[in-house]
Amino acid sequence: MEELIIRGGRPLAGELRPQGAKNSVLPLLAASLLFTKGCTLHNCPHLSDVESAVEILKALGCKVAWEGRSISVDAGDLREDEIPEALMRTMRSSILFLGPLMARLGRCRLSQPGGCVLGKRPIDLHLSGLKTLGAEVTQKDGSVTCGGTLTGGTIALSYPSVGATENLILAALGAVGTTTIYNAAKEPEVGDLIGFLTAGGAKIYGRGTSMLQVEGGLPEGASYEVMPDRMETATYLSAVAGCGGEVLVRGAVAGYLEPVIHCFALAGCRFREEEQLLALQAPKRLNSTYPVRTGPYPAFPTDAQAPFMAAMLRADGVTVIEENIFADRYRHVPALRALGGDIRTQGTVAVIHGVEHLRGTYLEATDLRGGAAMAVGALQAQGESHLCRIEHILRGYEDFPGKLSALGAEIEIHK
Ligand code: UD1
């Protein structure tokens, strides 16, 4: 079993370039089903989730060519309407193929991985939006079947779900007439999806706002560059902020990271922002900040919560975090405590009393961002840490140990 061995307790310094955004490339690959003349995506990261999305496209009958960081998709021969169960199980984002399959074929069948998707991360908003557009939805024994001709309509989301907004934009392009989505998610990755679709000629209005208008009509061809990964950058900023030192991130869009930058600036970091460039200078020890509350964009992102918490373990004072998006998103806390962190949680709130020293230990990644947070903690700890179950981390971070080594971290992967 692969593990990371981390010898921490030293400042970091160096340069980085963000990968293409995982949370963008997955919906873009689902959207590729809609392009009548094929499409090419550039700046695709090499991640297991991207491989799973490519496998789904192939299973549906698409021709897919992956060369370097570019993926070309020809969905002209799309026939299959069922996403294989094994692929559903590997990646929850496979739900994003539902909207485009409805748009192209007017039918879709999804198998559920043991009810997990419908349980912990429900898809009710995806399904009720599709019903508003005229789809018939049947759920039985953990599987979902959708069918019918879609007609444009008005959808008011009760919560600005990222995935539901993306799925409904994609479905609405196959509908007759115009669809209006109220309370749409405003995350930059939703904007990237709209950018890709409009590059192919789709008519979508309201990008970056909570009211979107989507005219029925499929995009033709497009060649598009995936946006930089703001969550990957937030993780490396957390590592440098926690360890002390400096980093220059070339190719980052600082505007997407403002809530994270703001919190680290309050904690004593200095930032320089230029076009496509973000520089961070961190003190030896951070100060605590005001309470940090996660929320839909442009609030503090839930995906940055765990790495941020890890960065604040040694901060001088008390930091309070409130997690408002996912109920079970403090699974990294026991591991951060094992490193010596003083964290108390109650419900959605975590209180971190900064300690002077952390010490290396044995850790097990529980999830993608939680696993990355454990590495951020271990990098600040005296002595050696062993972090196993790193397949969780590698789902979302390309060359995780390599990028940290480039910053001077002592980190290696053991097979
Ligand atoms: C996306 C991101 C994920 C990020 C999350 C929130 C991708 C591939 N993943 O996930 O990394 O953490 O946004 O920024 O882009 N909900 C419902 N019913 C639904 C859909 C969602 O109740 O039908 C709830 C979820 O359980 C959760 C909240 O809404 O509590 C936010 O979920 P959502 O915005 O949909 O996140 P994802 O699109 O799954």
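Is Glu220 buried, exposed or partly exposed? Glu220 is partly exposed, with a relative accessible area of 42%; here buried means under 20% relative accessible area, exposed means over 50%, and partly exposed is in between, using a 1.4 Å probe and protein chains only. Before going further, note that this is a predicted model, where local features need pLDDT of at least 70, side-chain atom pairs count only at pLDDT 80 or more, and totals for chains, interfaces and linings use all residues. Residues are numbered from 1 along each chain as its sequence is written, and side-chain values use heavy atoms, with hydrogens and water left out.

Back to Glu220, which has a partner. Lys37 forms a salt bridge with Glu220, with the closest N and O atoms 3.6 Å apart. A salt bridge here is a side-chain nitrogen of Lys or Arg within 4 Å of a carboxyl oxygen of Asp or Glu. This pair links distant parts of the chain: Lys37 sits in the loop between α1 (22–31) and β3 (39–42), and Glu220 in the loop between β13 (211–215) and β14 (222–225), 183 residues apart. Helices (H or I, at least four residues) and strands (E, at least two) are DSSP runs, numbered from the N terminus. Lys37 itself is exposed, at 62% relative accessible area.

By this rule the model has 23 salt bridges. Take Glu410 and Arg7, whose closest N and O atoms are 2.9 Å apart. Glu410 is in strand β24 (residues 410–414) and Arg7 in strand β1 (residues 3–7), 403 residues apart. Glu410 counts as partly exposed at 30% relative accessibility, and Arg7 does too, at 28%.

Now for a buried pair. Arg230 and Glu189 meet through their side chains in a salt bridge of 2.8 Å, N to O. Arg230 lies in helix α9 (residues 230–243) and Glu189 in helix α8 (residues 188–199), so the pair ties together parts 41 residues apart in sequence. Arg230 counts as buried at 8% relative accessibility, and Glu189 at 4%.

What about the nonpolar side chains? In soluble globular proteins, these tend to be buried together. A nonpolar core is a set of buried Ala, Val, Leu, Ile, Met, Phe, Trp, Tyr and Cys residues joined through side-chain atoms within 4.5 Å. The largest one has 72 residues, and Phe196 is one of those touching the most other members. Leaving aside neighbours within four places in sequence, Phe196 is in contact (heavy atoms within 4.5 Å) with residues including Leu28, Phe35 and Tyr224. Apart from this core lies another, of 68 residues, among them Ile343 and Val376.
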